[in-house]
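Open the model in your viewer and keep the selection tool ready. This tour moves from stop to stop, telling you what to select and what is there.

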Amino acid sequence: MSQKITAAITAVGAYLPEYILTNAELETMVETNDEWIKSRTGVEERRILKGEGKGVSDMGAPAVLELCKKRGIDPSEIDVIICCTVTADMLFPASANIIANKIGAVNCFGFDLGAACSGFLFGVTTGAAFIESGRYKKVVVVGTDKMSAITDYSDRTTCVLFGDAAAAILLEPNFEGYGVLDSLLKTDGSGEPYLHMKAGGSRKPASVETVMAKEHYIYQEGPQVFKFAVKGMADISYELLQRNKLTGDDIAWLVPHQANKRIIDATANRMGLSIDKVMLNIQRYGNTTSATIPLCLWEWENKLKKGDNIVLAAFGGGFTWGATLVKWAYDSK
Ligand code: UT7
C-alpha cells in the first residue's frame, strides 16, 4: 500500500530591505503621530525597498537563495516556484519566472498568485497539493511585496500601515504526517469596493488622467475592512480548530497576517490562545501583504519544534481569507 504524502515545510528564507521608515519620519510627511499609529495599528517601523528599477523579484530571489543554502540544495533542484504578490515586477511576465532566472532555477515552472494578504496561505495550499499529488518533490512558495510602490505617501490612512519584504518556504514530501494538514480558504468578491487599486488593470489602463487622479495607489476603506477582517480571521481560525478536533491548548503558535494588532488579538482570543503563543512582528515591519506569515516563520524558526501544531491565518483584499494547520517538521540546528 502506498504511504500518504504530506507537504512538509523544510526550510525558510527571507529578505528585508535595509531602509527603515519610522513613525517619526512619517510624522514629517503627513499629519500623524507615533501614538496614533502604535495604538491603532501596532506598527512602529517598516522596511522600504529603495533603488531605481528594483521590484519584488529583487527581494524574492535572495529569500529563495537563503532557503536553498539552509537546506543545502541547488536552485536547479526546484520543481515549482509559486510567487505570491500583488506588486509584481511587471503585469507580465510573472515575477516567479524572473526570480527563477535570477537564481538559476532552470528546471522549474513558476507562476504568480494574487490573493492579496491571503496570498501566502493560498500559495501554501496550492503548493501542498502539488506535493501531495506525488508529482513534484520541491515546491517553493515565496511571498514578496513592494507595497511602497502602490502606497500614496500623502494619504495618512494607508501610508502608515505598509512595508516591503519577501520570505519563502520550501515544501517537500513527508511520509510521517508532518506538514500541511488542513486548510480552509475563502473568497468573497463583494469586498472589492473596500480595498482595491482603481487603475492599471484591463478595466482602466494607465493614462495621464489615472495618474493625475492617483488611481495607482491602494484604496482602502479601513474601518469597513477592519470589521470584516476581525470576524473573518477569528471565525475561520476557530472553524479550523473545530474541524480538526483541536483546542487552543493543542496549538503551539498562531502565525497571523500582520495587518493590525487589534485584529490579531481578536483572533487569538477567539481561539483561546494567550498572546505569548502568537507570532507578532508588525511593530518592526508593518503589513508586508504576502510576506507577513513566512516572515514570522523565518523569525521564529529557532523556537519552533518538530511536532508543533501551528495555525497560519490571514484576511485581505478581495476579500480573501483563510487558515491553515501545519505540523512543524524539524528542529532548528
Ligand atoms: O491587510 C489587508 C487588510 N487590511 C486590514 O486588515 C486593515 C483593516 N483596517 C484597519 O486596520 C483600521 O481600520 C485602520 C488602522 C486602517 C484605521 O484605524 P481605525 O481605528 O479604523 O481608524 P479610522 O479610519 O476610523 O479613523 C479614526 C480617526 C479619523 O479621524 P476622525 O474622523 O475621527 O476625526 C481619521 O481621520 O483617525 C484619523 N486617522 C489618523 N490620525 C492620525 C486616520 N489615519 C490616521 C493617522 N494618524 N495615520
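Helices (H or I, at least four residues) and strands (E, at least two) are DSSP runs, numbered from the N terminus. The model is predicted: local features need pLDDT of at least 70, side-chain atom pairs count only at pLDDT 80 or more, and totals for chains, interfaces and linings use all residues. Residues are numbered from 1 along each chain as its sequence is written, and side-chain values use heavy atoms, with hydrogens and water left out.

**Stop 1: helix α5**

Select residues 119-132. This is α5, with 14 residues. From first C-alpha to last it reaches 20 Å, close to the 20 Å expected at 1.5 Å a residue. That expected span is 1.5 Å times one less than the number of residues. Now colour its buried residues, including Phe-120, Leu-121, Phe-122, Val-124 and Ile-131. Buried means under 20% relative accessible area, exposed over 50%, partly exposed in between (1.4 Å probe, protein chains only). Next, click Gly-134, which follows α5 and has a positive phi, near 85°.

**Stop 2: the ligand**

Which residues come nearest to the ligand? Of the 22 around it, they are Thr-32, Arg-40, Cys-117, Asn-260 and Asn-287. Around means that a heavy atom of the residue lies within 4 Å. Show Thr-32: a polar atom of its side chain is 2.6 Å from a ligand nitrogen. Arg-40 places a polar side-chain atom 2.8 Å from a ligand oxygen. For Asn-287, an N or O atom of the side chain is 2.8 Å from an oxygen of the ligand.

**Stop 3: the largest nonpolar core**

A nonpolar core is a set of buried Ala, Val, Leu, Ile, Met, Phe, Trp, Tyr and Cys residues joined through side-chain atoms within 4.5 Å. The largest here has 39 residues; select Ile-251, Leu-254, Val-311 and Phe-315, which touch the most other members. Helices α8 (222-243) and α9 (261-271) and strands β12 (309-316) and β13 (320-327) each supply at least two residues. The largest share, six residues, comes from α8. Domain 1 (6-177) and domain 2 (181-327) both contribute, so this core lies between them. Those bounds come from an automatic or database domain assignment.

**Stop 4: Thr-267**

Finish in α9, at Thr-267. Buried or exposed? Thr-267 counts as buried because its relative accessibility is 0%. A polar side-chain atom of Thr-267 lies 3.0 Å from the backbone oxygen of Ile-263. Leaving out residues up to four places away in sequence, Thr-267 touches Met-233, Ala-234, Ser-237 and Leu-254 (heavy atoms within 4.5 Å).

How values were computed: Polar contact = N/O pair within 3.5 Å; in protein donor to acceptor, adjacent residues only side chain to side chain.
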